[in-house]
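Have the viewer open as you read.

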Amino acid sequence: MAAAHGLVGRLDELATAETAIRSLVARRASALVVEGEAGIGKTRLVEAMVEAAQPHGLTVLRGQAHPFERSRPFGLVSAALGLRRRAVDPRRAAIAALLSGGAGPGSGELHYRVVEEVVDLVESSCADRPVLLVAEDVHWADPASLLTISSLVRRLPLSALSVVVTVRPAPRSADVVRLLEDLSEAGGAVLRLGPLSSAEILDLAAQRLGGLPGPGLAAMLEGARGNPLWALALLRSLVDDGMLSRTGVGVEAASPGVPTSLSELVVRRLGDLPEETLEMLRVAAALGDAVQLRDLGAVAQRSEADVARHLRPAYDARLLDEAQDQVVFRHQLVHDAIHQDIPGPVRRALHREAAVALMAAGASPLGVADHLMLGSQTGDHEAVAWLRAAARDAAAQSGSVAVELLRRAEALLPDGHPDADLLALEVVQAMIRAGLVTEGTARAEAVLARRHAPETDTPLRLALVGGLALLNRADELMALVRDSLDELGPAEQVPVLAQLSWVLTYRGDPRAGEESARRALRLAEATGHAGLTVWALTALLVAVGRQGRFDEALGQARRAADLAEGGSDVSSLPLQPSLFLGLALFDADLVAEARAAYRAALDDEFGSGWWLAETLMADAEACFAVGDWDDAVPRLVAGGEAAREKGKPMLLAQSLAHRTVIATATGDLEAAGQLARELAAWVAEEDLPYNAGAVAVALSGVWEAEGDRQAAYDLLLRCWRSDTAGGSRYYHRRLGPDLVRLALALGHPDVAAEVAADLAADAALAPGVGSVRSVALRCRGLVDADADTALEAVDLARQAPFLLDRTGACEDAATLLVRSRRSDEAVALLLEALACYEDAGASARAARVRAQLRELGAHPRARGHRNGSRAGWDGLTRTERAVSLLVAEGLTNGAVAKRLYVSPHTVNTHLRHVFAKLGVSNRVELARVVHRSIG
């Protein structure tokens, strides 16, 4: 490796790089960050890795970011993967077409779709042969490319993929920092290339010159400060100028005079070039460090042949490299030296001329955006127009790029320009779409607070409503709606009222939320707009469901889904009626129908991205509720990861809560305690959040298992009181049984009676939902010590598919039956609960029931978990086997996810478990085990 690329020293770094290649040949994933200043040897090390990969038949995907292309979404990824519309590979051509397709229904989620397609493409490549993905100079990369590389690392930890990135110590954007953190979390190694030692620099010089440097030359090389690029450039300059001479076995410099920096050296070399060559180099430097020959000809207004002829002296001077139809500077530092040597006004004019020429040649707005930003001055209205157009093109692909383009356009407008407020509106809307909600909301407030163009008032208010809703700033949202609603038309009032409804409901006032949603529904129905009607109905069903009227919420959800299916004006709105239908079906005990609705939501090409985290979490919760915990845990982890990526903390808390319950029930108190510590902050504030009920159930279970029944009771009661005060009954059926049981055990019969009475009222509100009626009877039976009422609760619980409702009803009824000296009936119920717990793997709860049975003289045979052995093919769960079979067929994680209606995150989690149980380390080994096991 070293000899092929002139690498001197770097023995430790080369060893690490070779280890990464060996791991990749063995089909093990890895990640590597190569960090160092410009010219320190990052590219040389990467080239050595690429050369080492070739004899092994590895696929090498290599791309480099460029400083004038940061406004091109997915630019680095497109270069590395060859994403071109004329690509021979139809998948690459399809992704390129997706990138250039522009706006359309669901275009706000185009970014998400491209990332999914890229991940699947790379995974497919990994299935054919191991892949070395190299991304150079990520400090220049666009945000979309950085996110995509992060997704590859997170999503393909079990694929034969090695990701190598090179980066300078500075500058580093927040997106670059996040990528490096993701690589670190994935176990990636970091190679920090420092300066070469003086001895190594002398070895490098001797290697290039064929003799040891003499004292004078050695002193000159000290000025390179250990930077090999600078040292080699100095040697080339001395050779070209005839300033070196042989002295026996050594080489000496004829003159002590030497430039003090690489930039100075490059500039000095420019003085030896013909004027037309120098002019062409300046144009090339303005266009970038790697320039298409046709673009350079268009800007210089010369034929490609003339361009090549004029640049020949620059090639001879080793300032440029040959690269097919591109003009490529030998190194970024060479480009930077030439670019910075151009006087500022001239440099700005060159960028502006480049933008004009590229526009005339048919370049896209995004293609000239960087040059416009570098070459325009205040008052350049043409540049403003093009930057706004480029922002529209970029919005679907990378919201952060769109924001940056609009900010630059805004800076070019002179004070008092009539378009200033329109542009400010575009900035606000782009910020909120890009997830910069706090900043976008503040900007909207600032513009609205001053005199502004009348035509921007309504859209600014609508944007502000959305921002305040996302930030859950309920009081300000309500004040804004109160002040603005009468000034809006009916079609504009509907989304405002729907947003207000959700905020009111989420803050604990679902009755006010219902009132706002019903007002929105009346307006939507009057407009005849199906999409607006669906929007209002989704807000209404959430508010109604929170009040415990689950039958009614289901009716509204069915109506919304029917309207969405037949309405052509729904797809442009950020709605997912199938998801909301599934949620309402689940709340009404119709779990199988609910999961079918979630699958329909995941099948929705345009809506799935908006609501991915919610859909994944809803399906995971269904798995959890029915006791399919082997599948539930990977789904909950995947839903939590999606929630973290999408910035949705409530969903993340929901994932942690259900996983905590499972860990407690299975006896893994260490894991339960760790999860509980993450959850504790969720209920630490005085005002409890929207889904505090799920968190309270999880935390109280851990605390009770640890022996602190009082703390468990206090939290459950606090949650109950908070919900009751706001008119929310959604979590009553989850909180009630444990709260009543603990209240009675701790001497609070009045609280137990109060809770039981409230649950009876809940049952009257949802007469068609068996689980609600079962919980009400169960708690009434406990309060009244009435075994027969508790047995009625068991009968109802058996009709619903919920594990903990059924087992809890059996245990509570058994307790009352024992007190009534009906031990045989109690034993039968405890055996029923035991079987359910063992099927779910809830070993701690099963142990508790076994202890009760022993006290009653029953000694059932240990049956264990339904999967028996936890290792080998027989130890795989049903879903793990399904995943294994599909992977063995050669399907990617994305394809498996679509087939099984899960997420690629879930597939990853299942594969980790499968690899551990089967003792394999890659997909090839897995396929062998699968084929051997199924014969």
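Q: How far does helix 33 reach from its first C-alpha to its last?
A: This is a predicted model, so keep that in mind throughout. Helix 33 covers residues 649-665, which is 17 residues. At 1.5 Å a residue the expected figure is 24 Å, and the reach in the model is close to that, at 24 Å.

Q: Is helix 33 largely enclosed or largely open, and how many of its residues are buried?
A: Buried here means under 20% relative accessible area. Helix 33 is largely enclosed by the rest of the structure, because the count of buried residues among its 17 is 14.

Q: Are helix 31 and helix 33 roughly parallel or roughly perpendicular?
A: The axes of helix 31 (residues 612-626) and helix 33 come within 10 Å and cross at roughly 20 degrees. Angles under 35 degrees count as roughly parallel. So helix 31 relative to helix 33 is roughly parallel.

Q: What is the handedness of the crossing of helix 31 and helix 33, and how many nonpolar residues does their contact have?
A: The crossing is left-handed. On one side Ala613, Glu614, Met617, Glu621 and Phe624 of helix 31 take part, and they meet Leu651, Gln654, Ser655, His658, Val661 and Ile662 of helix 33. Split by class, that contact has 2 charged and 3 polar residues, and the nonpolar count is 6.

Q: At what angle do the axes of helix 12 and helix 16 cross?
A: Helix 12 is residues 262-270 and helix 16 is residues 332-341, and their axes come within 9 Å. Helix 12 is roughly perpendicular to helix 16, in a right-handed crossing. The angle is roughly 70 degrees.

Q: How many nonpolar residues are in the contact of helix 12 with helix 16?
A: Helix 12 brings Leu262, Ser263, Val266, Val267 and Leu270, which meet Leu333, Val334, Ala337, Ile338 and Asp341 of helix 16. By class there is 1 polar residue and 1 charged one, and the nonpolar count is 8.

Q: What span should helix 7 have at 1.5 Å a residue?
A: Helix 7 (residues 143-155) has 13 residues, and its end C-alpha atoms agree with the span they should give. It is also mostly covered, with 11 of those 13 residues buried, among them Leu146, Ile149 and Val153. The span it should have is 18 Å.

Q: Is Val775 buried or exposed?
A: Val775 sits in helix 39 (residues 770-784). Beyond neighbours within four places in sequence, it is in contact with Arg733, Pro737 and Leu759. Its relative accessible area is 1%, so Val775 is buried.

Q: How far apart are the C-alpha atoms of Val775 and Gly808?
A: Along the chain these two are 33 residues apart.

Q: What percentage of the chain's residues count as buried?
A: The chain has 47 helices and 11 strands, and its C-alpha trace spans about 110 × 70 × 45 Å along the principal axes. Among contacts between residues at least 6 apart in sequence, 67% join residues at least 24 apart. Of the 935 residues, the buried share is 56%.

How values were computed:
Residues are numbered from 1 along each chain as its sequence is written. This is a predicted model: local features need pLDDT of at least 70, side-chain atom pairs count only at pLDDT 80 or more; totals for chains, interfaces and linings use all residues. Side-chain values use heavy atoms; hydrogens and water are left out. Helices (H or I, at least four residues) and strands (E, at least two) are DSSP runs, numbered from the N terminus. The expected span of a helix is 1.5 Å times one less than its number of residues. Buried means under 20% relative accessible area, exposed over 50%, partly exposed in between (1.4 Å probe, protein chains only). Axes are lines fitted to C-alpha atoms, for helices over the stretch in contact, and angles run from 0 to 180 degrees between N-to-C directions. Angles under 35 degrees count as roughly parallel, over 145 as roughly antiparallel, 65 to 115 as roughly perpendicular and the rest as oblique. A crossing is left-handed if the near helix is turned anticlockwise from the far one by less than a right angle, and right-handed if clockwise. Contact means heavy atoms within 4.5 Å. Ala, Val, Leu, Ile, Met, Phe, Trp, Tyr, Cys and Pro count as nonpolar, Asp, Glu, Lys and Arg as charged, and the others, Gly among them, as polar.
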